[in-house]
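User: I have a model open and would like to talk through its inside. Could you take me through it step by step?

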Amino acid sequence: MRFLCKENALTASIYIDLRRKVNFKEYRKEDVETAIANSLYSVVVFDDKRPIGIARIVGDGRIAFFIKDVVVDPAYQKNRIGNLLMQKLQEYLAALPVRVPTSVSCPHRTVFPSIKSMAFWSVHVTEWGRVW
């Protein structure tokens with residue numbers, strides 16, 4: 001299979017639909033629109049015209065960078081889409097004029113296990129307001 005990555009193509013509809021497919025917390029559309037508008041970078045993976053994966057980076061653009069919302073449609077999991085998303089995020093980070101540690105926040109330990117091999121700090125959210 002050949003997939004197409006589009007940078008900064010994330011929309012509220014894509015975000016909401018893919019998160020719903022993996023049973024992630026749902027947010028109001030206007031909140032999602034604001035969050036996307038305030039992202040530093042996002043990437044969407046498409047199979048033809050169907051969005052099948054998303055990821056984004058949020059932060060201040062100089063010191064703090066957080067990888068958020070790495071989501072792959074369950075029908076496409078185990079096809080290395082997550083690795084493709086992470087590769088695009090790493091390319092974005094590598095092009096920045098600063099070198100700082102990057103955190104990855106995941107709602108569950110098992111969402112994206114290969115992150116451990118990618119030299120990121122990992123912050124796992126167990127419930128709202130608590131991290132481990």
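**The cavity and its surroundings**

Analyst: Tyr 15, Ile 16, Arg 19, Arg 20, Lys 25, Glu 26 and Tyr 27 line the largest cavity, where a cavity is a set of points on a 1 Å grid over the protein atoms alone at which a 1.4 Å probe fits but cannot get out, and lining residues have an atom within 4 Å of a point. This is a predicted model, in which local features need pLDDT of at least 70 and side-chain atom pairs count only at pLDDT 80 or more, while totals for chains, interfaces and linings use all residues. Residues are numbered from 1 along each chain as its sequence is written, and side-chain values use heavy atoms, with hydrogens and water left out.

User: What volume does the largest cavity have?

Analyst: Its volume is about 40 Å³, taken as the space filled by probe spheres set on the grid points, which are joined across faces, edges and corners. A search of the whole structure finds one cavity of 30 Å³ or more.

User: Why does Arg 19 count as buried?

Analyst: Arg 19 counts as buried because its relative accessibility is 7%, and buried means under 20% relative accessible area with a 1.4 Å probe and protein chains only. Arg 19 lies in helix α1, residues 12-21, helices being DSSP runs of H or I with at least four residues and strands runs of E with at least two, numbered from the N terminus.

User: Which side chain does the Arg 19 side chain make a polar contact with?

Analyst: That of Asp 69, at 2.7 Å; a polar contact is a pair of N or O atoms within 3.5 Å, one able to donate a hydrogen and the other to accept it, and residues adjacent in sequence count only if both atoms are side-chain atoms.

User: What covers the buried residues of α1?

Analyst: The cover includes α2 (29-37), β2, β3 and β4 (65-72), judged by contact, meaning heavy atoms within 4.5 Å.

User: Switching to the strands, how many bridges join β1 to β2?

Analyst: Four bridges join β1 (residues 4-7) to β2 in an antiparallel arrangement, and two strands pair if DSSP finds at least two bridges between them. Lys 6 has Val 44 as its bridge partner in β2. β2 also pairs with β3 (residues 50-59), antiparallel over seven bridges, with Val 45 opposite Gly 53.

Definitions and conventions
1 Å grid on protein atoms, 1.4 Å probe; cavity = no way out; pocket = protein on both sides within 12 Å on 5 of 7 lines; lining within 4 Å. Buried < 20%, exposed > 50% of the residue type's maximum accessible area, 1.4 Å probe, protein only.
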